[in-house]
Amino acid sequence: MELLVPEIGLVVFQTIAFLLLMFVLAKFAWKPVLAAIKEREHNIDEALNKAELAKQEMVRLAAKNEELMKEARAERDLMLKEAKTLKDSIVNEAKHQAQTEGAKLIEKARIEIENQKKAALAELKDQVSSLSIDIAERVLRNQLADKAKQQDFVADLLKDIELN
Amino acid sequence: MDCSHVFDFKVNRLTLVFTLFLALFFVTPLLYAQEDTSKATVTAHAEPEAEKKFNLGKFALHHIADSHSWHVIGDTFIGLPVILYTQGGLVMFNADEFHGDDEAKLVVERAGQRFVKLHEKIYYATATANAEGEYVEVDANHHAKNVRPLDFSVTKNVCTLLLSVVVMLLVFLNVANGYKKRKGKSPKGLQSWMEPLILFVRDDIARPNLGHKYERFMPYLLTVFFFIWFNNMLGLVPFLPGGANLTGNIAVTAVLSVITLIIVVTNGNKYYWKHIFTPDVPWWLYIVLVPVEIIGVFTKPIALAIRLFANITAGHILMLSLIGLIFVFNSVYVSVVSVPFALFIGAIELLVAFIQAFIFTMLSALFIGMAIEEHH
């Protein structure tokens, strides 16, 4: 049973040594170590949280992008559609306008042609009359160059008158 | 984390070789020690043949007890300083002055006082020797009846204690330095050895038992955990810097558990004291319950002290007994059985070294936690 009786010397040494060890370690080891571990854990947690947030942000951005893409596509479709209708209407209008314009031009041209024809006919008549007068004059002059013939002619004329 | 490499066959083989190598060291000093005893018996006493027989109990108890000298190897012992507080003041001398005597047969005179050493304890010597040449009065059980001076000697256990304090300071100041040098970075070297254990104490011992107030008690829990673990391990080393049975000494475990008791009592809140002195039972039951509760305050630390002491001492005795079997049967062939078995127990003791440190710290935390628990 000697083993169960504590020796005073060892009790004293143990008490002093252990308490000293505890206070020295508490001040110079445990405190900085636990603080450092805590800080590191805090940093890790924070980093993980940030990563999680970044991930969520990424997802949000991707969704937003998708949304934007969709919107852009819809807008493009709309624009294309509008452009198409616009084009159709322009083409139609142009066609229509061209038709009316063409018809108008044709009408104008017809009138012009008519006028020109009339003018040409009038001029032709004038020229024909003056030409025939000229020819008649020249024929007369030619025929009336000698007296005999003049006589004959007058005689003829007179004969005609008499007939009338 | 991938740990598969730990079970690699090559590593296992290396470990085995290393353990066998250590076992060799473990057996050799014992062999020498045995030689000493037999030589001493033959030369000094010339006792009858029957008494020369190897006494396993004595052998084991001698090795787990404290000592005034430190066995190095063979016949070499280091004498440690003896410091006595006597009626005539402080007396100091080297234990070598007893010249290896441990049976009160050699008297050392200092400051007009005479001392003898019997079973590693120092007594005031009687004036004359008794029939067996011992300067002590003994009772029927051969226990000395002489008065003892207050013995503050630096014994083998005290040396181990101081050594472990130095080792712990070196290790943990180095670890703390690592945190300062690699601020916010991952641990390295010694630091990464110790960090899991520090986290183990914090997350598995302190936090579950102490709740949010755990930080206040961390210095004690960490110190006590590592102190017990380091010394348990040091006690398992069979040669010089180790070999002392510090955590298997009741004085050491008693001091540790008294510190736990002091922490419990000084931090106990009103709920703790109310539970002891005015528990929620009919008043006439107080006659029984209050004394039981008061006894409970003291039995907890006593159980703590005895648990650690008994576990470590038992481990040492078991190993010594297994090796001692060789000398009991006086045959080298017994070693074929007892050395592997001692090796096996040694491996278990490594585990026990950790488990006992854990249990002591765990129960300390539990008792403190019970004292500071808030009831809502």
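In chain B, strand E3 (residues 81–86) pairs with E8(B) in the antiparallel sense over two bridges; strands here are DSSP runs of E with at least two residues, helices are runs of H or I with at least four residues, and both are numbered from the N terminus. Two strands count as paired if DSSP finds at least two bridges between them. This is a predicted model, in which local features need pLDDT of at least 70 and side-chain atom pairs count only at pLDDT 80 or more, while totals for chains, interfaces and linings use all residues. Residues are numbered from 1 along each chain as its sequence is written, and chains are lettered from A, and ligands numbered from 1, in the order in which they are written.

**Strands of chain B**

- Tyr85(B) stands opposite Leu150(B), which lies in E8(B).
- E3(B) and E8(B) belong to an open sheet of three strands, in the order E4-E3-E8, with antiparallel pairing.
- Its edge strands are E4 (89–94) and E8 (150–151) of chain B, each pairing on one side only.
- Strands of a sheet pair through backbone hydrogen bonds, either parallel or antiparallel.
- Elsewhere in chain B, strand E6 (residues 113–118) and strand E7 (residues 121–124) run antiparallel and are joined by four bridges.
- Lys117(B) stands opposite Ile122(B) of E7(B).
- The hairpin of E6(B) and E7(B) has two residues between the strands, and His119(B) takes a positive phi near 50° there.

**The helix of chain A**

- Helix H1 (residues 8–143) of chain A has 136 residues and reaches 188 Å from its first C-alpha to its last. That is close to the 202 Å expected at 1.5 Å a residue, where the expected span is 1.5 Å times one less than the number of residues.
- H1(A) has a kink of about 50°, centred on Ala26(A); the bend at a residue is the angle between axes fitted to the seven residues ending there and the seven starting there.
- H1(A) is hardly covered, with twelve buried residues among its 136. A residue is buried if 20 or more other C-beta atoms, placed from the backbone, lie within 10 Å of its own, exposed if 12 or fewer do, and partly exposed in between.
- Among the buried residues of H1(A) are Phe13(A), Phe18(A), Trp30(A) and Ala36(A).
- The cover over the buried residues of H1(A) includes E8, helix H3 (156–181), helix H4 (190–210), helix H5 (218–236) and helix H6 (250–267) of chain B.

**Where the chains meet**

- In chain B, 35 residues are in contact with 30 residues of chain A; contact means that the C-beta atoms, placed from the backbone, lie within 7 Å.
- H3(B) gives the most to the side of chain B that touches chain A, with 13 residues.
- The residues on that side divide into 25 nonpolar, seven polar and three charged. Here Ala, Val, Leu, Ile, Met, Phe, Trp, Tyr, Cys and Pro count as nonpolar, Asp, Glu, Lys and Arg as charged, and the others, Gly among them, as polar.

**Chain B and its helix H6**

- Chain B has nine helices and eight strands, and buried residues make up 32% of its 376 residues.
- The 18 residues of H6(B) should span 26 Å at 1.5 Å a residue, which agrees with the 25 Å between its end C-alpha atoms.
- The buried residues of H6(B) include Ile250(B), Leu256(B) and Val264(B).
- Cover for the buried residues of H6(B) includes H1 of chain A, together with H5, helix H8 (286–328) and helix H9 (335–372) of chain B.

Technical notes
Two residues are in contact if their C-beta atoms, placed from the backbone, lie within 7 Å.
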